[in-house]
Amino acid sequence: MSWTTQMNAARQGIVTDQMRTVAAKENLPLETLMERMAAGEVIIPANKNHTHLDPEGVGRGLRTKINVNLGISKDACDMDLEMEKVRHALRLGAEAIMDLSCFGKTREFRQALIAESRAMIGTVPIYDAVGFYDKNLSDISADEFFDVVQAHVDDGVDFLTIHCGLNRLTAERIDKTNRLTSLVSRGGSLLYAWMKENDAENPFYEHYDRLLEICAKHDVTLSLGDGCRPGSLHDATDAVQVQEMIVLGELTKRAWERDVQVMIEGPGHMALNEIAANMVLEKRLCHGAPFYVLGPLVTDVAPGYDHITSAIGGAVAAAAGADFLCYVTPAEHLRLPTLDDMKEGIMASRIAAHAADIAKGIPGARNWDDKMSKARADLDWESMFNLALDPEKARAYRESSKPAHEDSCTMCGKMCAVRTMKRLKEGKDIRLDD
């Protein structure tokens, strides 16, 4: 039997190699995985041209995945440095990398990235189109936009972020809004400007079937971008954001009719008390499709610490149903992140994802924590280091302040509660004076 996309295979009852890999990673029965894929609740982004991909599933009942953004631009066009960031991200456990390149040898970088990375790769073709054609945005034709999409797909990109939901009706609502930060999505703002300058419909909305045909042929997942995501607490859950989400829900059903896998992108900046409701809203309006959130950042006043504001929001979002977190670094809103910034952002996102997986009851998520607790109860420092999310950092902290007694640390010394209880259980004296 033949199949076109992972969704198409699942609907036919065909088990692909990618499904077997994901089911094993997730400790999930194949039948359950395939049922959720057939319904659109789980995706496996896996372009047929990305031949050495180590596939991951995203969606209902699976571990929360994280994505890392990078790429070359006019102000930072060092391909070697960006490739080092790729390797760094993979070493630190990122399941996905998004190439946001918009200047210079973008295709050369993209091909090198796909050749090296076993993680799934995403791109935003409109960024590349602006740099590739090197002409005024308004002069780029719909056909030229689609030619860039085709190039990305041919190169092996696993998912494409395209802001199809920002149509003329949504644009009219933007014009009437009292938003403080208007549009903060780079892709959304570019398409909005193109539409205004050409007095035309969004080409990706108008020619959506053409986009679906490209995605179906190569089994590329469509990441329906949130061009109207809120860029401030003030703008969260407003009519513009919800209007676009309604359109994305309609486009999701059209994609599923062609067996094209879909995930939905979401906010953004959002007050803590609004996050859970937004997750429910997305799942209802977009029919249970996987949700990919950019944060959310829960306060606007912490530049330099936005990896923390994002991790707080990401943990709440994922616990309430989000499936995929885009990392945020301390450099957010300020500059391009360094390797150190990347590590801080990745670790913050991984903590948020794991905390959410525990809350969601993902099979096996709690086991890791129980093993760490056992190692702590045993004062087994080596096991604690090995189980740590960042063993190198944990080990360095302990080495920087050595205790007088190896079974304690310099916080409590011999008054360590764990040491006291352990010695009592072992029938040893509790001596604090030697």
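A pocket, in the sense used here, is an open set of grid points with protein on both sides within 12 Å along at least five of seven lines. The structure discussed below is a predicted model.

Q: How many residues in the lining of the largest pocket are charged?
A: In the lining of the largest pocket, 19 residues are nonpolar and 12 are polar. The remaining class in that lining is the charged one, and its count is 8.

Q: Which element gives the most to the lining of the second largest pocket?
A: The second largest pocket, with a volume of about 540 Å³, is lined by 19 residues, of which M347, I351, A388, L389 and D390 lie nearest its centre. The elements that give two or more residues to this lining are α14 (306–319), α15 (339–360), α16 (365–377) and α18 (391–399). With 6 residues, the element that gives the most to the lining of the second largest pocket is α15.

Q: Which element provides the largest share of the lining of the largest cavity?
A: The count of cavities of 30 Å³ or more comes to 1, and the largest cavity has a volume of about 70 Å³. Its lining is formed by D226, R229, Q241, E244, M245, L248, I264, E265, G266, P267 and F291, and the elements that give two or more residues to that lining are α12 (239–257) and β8 (262–266). The largest share of the lining of the largest cavity, 4 residues, comes from α12.

Q: How many disulfides does a search of the whole structure find?
A: A pair of cysteine sulfur atoms must lie within 2.5 Å to count as a disulfide. For C228, which is in no disulfide, the nearest cysteine sulfur is that of C164, 12 Å away, while for C416, also in no disulfide, the nearest is that of C412, 5.8 Å away. Across the whole structure, the number of disulfides found is 0.

Q: Is C416 buried or exposed?
A: A residue counts as buried when its relative accessible area is under 20%. The relative accessible area of C416 is 12%, so C416 is buried.

Q: What is the omega of the cis peptide bond that joins G295 and P296?
A: Most peptide bonds are trans. P296 lies in the loop between β9 (291–293) and α14, and the cis peptide bond that joins G295 and P296 has an omega of about -10°.

Q: Why does H287 count as partly exposed?
A: H287 is found in the loop between α13 and β9, and its phi is near 60°, a positive value in a residue other than glycine. Partly exposed residues fall between the limits of under 20% for buried and over 50% for exposed. H287 counts as partly exposed because its relative accessibility is 33%.

Terms used: Residues numbered from 1 in each chain as written. Predicted model: local features only at pLDDT ≥ 70, side-chain atom pairs only at ≥ 80, totals over all residues. Heavy atoms only, no water. 1 Å grid on protein atoms, 1.4 Å probe; cavity = no way out; pocket = protein on both sides within 12 Å on 5 of 7 lines; lining within 4 Å. Points joined across faces, edges and corners; volume = space filled by probe spheres on them. Nonpolar A, V, L, I, M, F, W, Y, C, P; charged D, E, K, R; others polar. Buried < 20%, exposed > 50% of the residue type's maximum accessible area, 1.4 Å probe, protein only.
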